Amino acid sequence: MGPTTPSTRERIIAAASKLFYSEGVRAVSVDAVADKAGVTKRTLYYHFKSKDDLVAAYLEGRDQPNLALFRRWFSEADGSVADKVRSIFHHLAVSARHPKWKGCGFLRTSAELANMPGHPAIKIGAAHKKRFEGWLSEMFESEGIAPAEPLARQVVLLMDGAFAAGLLQRDASYMETAGDAAFALVNAAVPTKRRRR
């Protein structure tokens, strides 16, 4: 069997994702999304009540794939839990060197919608960051780190700060520097018998 043809809704979300990530959610019109998806504006509104719903679907579509990618980078890395955390930052630095990289879609969207705290996209972005933080906390607990929650939060802060600084400076080395800091924090928190020398 060949690949399945994406549904109209999926085509609209794919078009919106490309445009919203590359240009920002406020800069992209519903007309532009419909045009890129090859549908009429009426068809788009049949599938989405509003542009806000489309923005929310864009971030929902990024949630699980992004989390799965972080988990894969972590699990495939050699070494200690600290090495595995640094590996996530290393992979993000590689991504940040791509000419089409525009930072974290969740953070950029939340910045654009900062005056709309109840917007569904803000809630989706916040939930995504919390899921990543919770998963990190579970990984740390499995290594005997206690309490794990504050350490997971510190790593998330380093990552989000690196996203912001890397985008502002157009310098992926901020991600690598943040990864080194995350390595040091995690390595120091690992019980002595498991710590990397």
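At roughly what angle do the axes of helix H1 and helix H2 cross? The answer is roughly 120 degrees, with the two axes coming within 8 Å. This is a predicted model, and its protein chain has nine helices and zero strands.

**Overall layout**

- Follow the protein chain along its sequence and you get the pattern α-α-α-α-α-α-α-α-α.
- Along the principal axes, the C-alpha atoms of the protein chain fill a box of roughly 65 × 45 × 30 Å.

**How H1 meets H2**

- Two packed helices are described by the angle between their axes and the distance between the axes.
- H1 covers residues 8-23 and H2 covers residues 30-37, and their axes cross at roughly 120 degrees; that makes H1 oblique to H2.
- The crossing of H1 and H2 is right-handed.
- On the H1 side, the residues that meet H2 are Arg-11, Ile-12, Ala-15, Ala-16, Lys-18, Leu-19 and Phe-20.
- On the H2 side, you'll find Ala-32, Val-33, Lys-36 and Ala-37.
- Sorted by type, the residues of this H1 and H2 contact come out as eight nonpolar, no polar and three charged.

**How H8 meets H9**

- The axes of H8 and helix H9 (residues 173-189) come within 8 Å and cross at roughly 170 degrees.
- Since angles over 145 degrees count as roughly antiparallel, that makes H8 roughly antiparallel to H9.
- H8 brings Leu-151, Gln-154, Val-155, Leu-158, Ala-162, Phe-163, Ala-165, Gly-166 and Gln-169 to the contact.
- H9 answers with Tyr-174, Met-175, Ala-178, Ala-181, Ala-182, Leu-185, Val-186 and Ala-189.
- The contact of H8 with H9 is made up of 14 nonpolar residues, three polar and no charged.

**The largest pocket**

- The largest pocket holds about 410 Å³ of space.
- Its lining has 22 residues, and the ones that lie nearest the centre are Tyr-21, Arg-62, Ser-95, Trp-101 and Gly-103.
- At least two lining residues each come from H1, helix H4 (51-76), helix H5 (81-96), helix H6 (105-112) and helix H7 (120-142).
- H4 gives the largest share of that lining, with five residues.
- By type, the lining of the largest pocket splits into nine nonpolar, eight polar and five charged residues.

**The cavity**

- There is one cavity of 30 Å³ or more.
- The largest cavity has about 40 Å³ of space.
- Lining the largest cavity are Phe-70, His-128, Lys-129, Phe-132, Val-156, Met-159 and Asp-160.
- H7 and helix H8 (148-169) are the elements that give two or more residues to this lining.
- Four of the lining residues of the largest cavity are nonpolar, one is polar and two are charged.

- Most residues other than glycine have a negative phi, and most peptide bonds are trans.
- Ala-146 and Pro-147 are joined by a cis peptide bond, with omega about -10 degrees.
- Where does Pro-147 sit? Look in the loop between H7 and H8.
- Arg-170 has a positive phi, near 55 degrees, and is a residue other than glycine.
- You'll find Arg-170 in the loop between H8 and H9.

Terms used
Residues are numbered from 1 along each chain as its sequence is written. This is a predicted model: local features need pLDDT of at least 70, side-chain atom pairs count only at pLDDT 80 or more; totals for chains, interfaces and linings use all residues. Side-chain values use heavy atoms; hydrogens and water are left out. Axes are lines fitted to C-alpha atoms, for helices over the stretch in contact, and angles run from 0 to 180 degrees between N-to-C directions. Helices (H or I, at least four residues) and strands (E, at least two) are DSSP runs, numbered from the N terminus. Angles under 35 degrees count as roughly parallel, over 145 as roughly antiparallel, 65 to 115 as roughly perpendicular and the rest as oblique. A crossing is left-handed if the near helix is turned anticlockwise from the far one by less than a right angle, and right-handed if clockwise. Contact means heavy atoms within 4.5 Å. Ala, Val, Leu, Ile, Met, Phe, Trp, Tyr, Cys and Pro count as nonpolar, Asp, Glu, Lys and Arg as charged, and the others, Gly among them, as polar. On a 1 Å grid over the protein atoms alone, a cavity is a set of points where a 1.4 Å probe fits but cannot get out, and a pocket is an open set with protein on both sides within 12 Å along at least five of seven lines; lining residues have an atom within 4 Å of a point. Grid points are joined across faces, edges and corners, and a volume is the space filled by probe spheres set on the points.
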